[in-house]
Amino acid sequence: MRVLLVNPRFQLPIDTRTTPHLGLAYLAAVSEQRGDEVRVFDMDVEDVPLTDFAREYQPDLVGITSNTPQVMQGWSAARQIKAALDVPIVQGGPHISALPEEAAARPEIDIAARGEGEATWLELCQTIERAKAGNPKFRARDLLDPANRLLDHVLGITYQTLDGQMHHTPERPAIANLDTLPFPAYHFFKMERYTSLQPTLDAVQAGRSFSLMTSRGCPYRCAFCSQSVMAERWRARSPENVVNEWRHLIEDLGAQEIGVLDDSANIHRPRLHALCDLLIQEKLNRVPWILINGIRANLADADLLRHMKAAGLKRLAFGVETGDAAILKSIDKRVTHDQIRAAFKNAKEAGLETVGFFIIGLPGDTEETMEKTIRLACELDPLVANFSMMTPYPGTKVWEQIHRNGGRMLVKDWQDYVFFEGKARYEMGATTAAAQEKKWKEAYRRFYLRPHRVWITLTRKSTWQHFPRTLRMALKIILPKKTKGALVRSQIEQAAS
Ligand code: B12
Ligand code: SF4
């Protein structure tokens with residue numbers, strides 16, 4: 001079987017980083033293990049048209065990944081492929097897991113895959129292989145012919161048969177033992193075309209930054225977080241299995257930096273201690289790593305932070321979200337401001353660089369509460385403060401709240417569901433768009449334009465090594481809205497050309 005995995009185009013206009021898609025790297029790995037011929041087409045880095053590529057490769061099955069802002073590009077990619085050849089197309093990823101019927105109802109998509117995809121993908125490959133072996137005239141539409149019942153047995157998919165009936169097969173259980181998965185197959189990616197996800201070093205060579213995931217899922221359910229793909233049950237790989245991949249990335253692929261992408265890496269502290277012991281023992285701590293996502297502040301004690309530092313951790317993040325205690329409680333974060341303060345203090349004392357994630361415009365936020373968020377950010381003073389505009393993704397509690405309580409979404413197209421720009425995405429009660437936009441702008445200016453912050457920025461080597469990017473970020477903070485809009489437009493045009 002020849003399979004094609006597609007990452008639809010979607011570079012953020014301001015931040016032009018690109019990183020290989022870990023989900024596709026896993027799908028590619030299991031497919032290769034099954035014996036398939038595999039190609040990955042990442043539209044963010046490819047320079048040939050997708051249709052030309054598909055026509056030449058003639059895949060038997062195409063898989064397209066999509067998060068929310070990418071989903072329309074995903075449909076466009078599917079239309080391009082369908083126009084060139086008759087091939088079944090499966091779409092998966094976070095957006096599809098939240099709204100599978102929307103994708104399954106589209107003519108260019110045959111099957112929507114919900115949740116973790118490895119086992120589903122393998123079963124679909126088998127199904128199509130068998131169908132093709134039994135019928136040399138097999139066409140993609142045969143999959144959706146209700147008389148054939150070809151897809152009934154595949155768990156975790158949604159599809160619309162030709163008679164207009166929508167079918168949801170039962171949920172697929174989460175992968176119980178993550179150690180059974182092969183390592184992500186980066187050899188299908190044009191690694192030299194990727195930048196670092198979040199460089200901690202002053203210069204990471206192109207293609208030398210890798211991501212890995214040591215656990216999947218999160219037992220928490222914060223109101224704003226899109227947890228549509230991964231099961232609520234937190235599952236971890238064994239420290240030995242993780243270290244084997246870590247060694248492979250460093251020794252075989254030349255990793256200069258590793259980004260750990262777990263949703264909540266420190267749910268089970270003894271496991272993380274064991275992992276740190278192994279990294280130190282095997283001298284893999286020579287390569288710096290970052291915890292890209294926020295780890296739980298309530299579970300980040302000084303001992304663990306020091307141990308991770310010794311194991312090579314350079315930077316870590318905490319999801320602070322808000323400076324208002326009542327809002328912190330209402331979003332189900334299940335952490336207190338004192339725990340957050342202690343976590344930042346301990347992390348800094350351990351010699352770690354810190355990142356703070358803050359959200360502007362949570363339900364119930366007013367100018368007053370958002371002011372508390374800005375003040376808390378300045379008090380915690382992380383190396384990097386990230387202020388996101390509250391973006392209600394489908395499937396989240398905030399999304400339900402807005403639709404139930406008469407809130408108003410201010411964005412229409414899925415591609416606008418990004419939170420790095422300063423535009424309000426919704427309004428509800430006292431949480432007005434004007435207040436959100438005003439405080440977002442203030443947040444960046446007030447955090448980064450404090451004299452000691454300006455000094456830190458000017459004296460950091462990376463400021464000058466990544467000067468175009470630093471300048472873009474600075475302009476984003478300083479320039480008035482109109483000019484910023486022009487900047488964004490020119491970036492989009494540049495990206496499109
Ligand atoms: C790393 C990361 C990033 C990185 C890199 C993204 C990348 N290229 O992979 C960066 C920083 C660029 C990023 C950006 C954004 N991200 Co992000 N990101 C993540 C993070 C932390 C890990 C992604 C990952 O590798 N997961 C592990 C792999 C194994 O899972 P996966 O990719 O989902 O793939 C599995 C399944 O989804 C499924 N699957 C996926 N595709 C397909 C296709 C087929 C055919 C099949 C069968 C199955 C299938 O099978 C895969 C294997 O099990 C996730 C959180 C998370 N836990 O996933 C958020 C997450 C994906 N991001 C999210 C968001 C919101 C964003 C942004 C929109 C934020 C913004 N700035 O506005 C942007 C989008 C920018 C863009 N270019 O698309 C949300 C998505 C919500 C949604 N409804 O779409 C998530 C889920 C975080 C969250 N909990 O809210 N992100
Ligand atoms: S924000 Fe973090 S802790 Fe909360 S549900 Fe999402 S991944 Fe879990």
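What share of the 497 residues in the protein chain is buried?

**Figure 1. Overall view of the predicted protein chain.** Buried residues account for 43% of the 497 residues. The chain holds 18 helices and 17 strands. Its radius of gyration is 23 Å, close to the 23 Å that the globule rule gives for 497 residues, so the chain is as compact as a globular protein of that length. Along the principal axes, the C-alpha atoms occupy a box of roughly 70 × 55 × 40 Å. Of the contacts between residues at least 6 apart in sequence, 75% link residues at least 24 apart.

**Figure 2. The open sheet of seven strands.** The strands follow the order S2-S1-S3-S4-S5-S6-S7, and their pairing is mixed. Strand S2 (37–42) and strand S7 (166–168) stand at the edges; each has a single partner strand, so one side of each is left without a neighbour in the sheet. On average, neighbouring strands of this sheet are turned by 20° against each other, direction ignored.

**Figure 3. The pairing of strands S4 and S5.** In general, strands of a sheet pair through backbone hydrogen bonds, either parallel or antiparallel. Strand S4 (residues 89–92) and strand S5 (residues 111–113) run parallel and are joined by two bridges. Within this view, Gln-91 stands opposite Ala-112 in S5.

**Figure 4. Helix H3 against the sheet strands S1, S3 and S4.** Helix H3 (residues 71–84) lies across strand S1 (2–7), strand S3 (61–65) and strand S4. The helix runs at about 170° to S4.

Note on methods: Residues numbered from 1 in each chain as written. Chains lettered and ligands numbered in written order. Predicted model: local features only at pLDDT ≥ 70, side-chain atom pairs only at ≥ 80, totals over all residues. Helix = DSSP H or I, 4+ residues; strand = E, 2+ residues; numbered from the N terminus. Rg over C-alpha atoms; globule rule 2.2 N^0.38 Å. Buried ≥ 20, exposed ≤ 12 C-beta atoms within 10 Å, placed from the backbone. Contact = placed C-beta atoms within 7 Å. Pairing = 2+ DSSP bridges. Axes fitted to C-alpha atoms, helices over the stretch in contact; angles between N-to-C directions.
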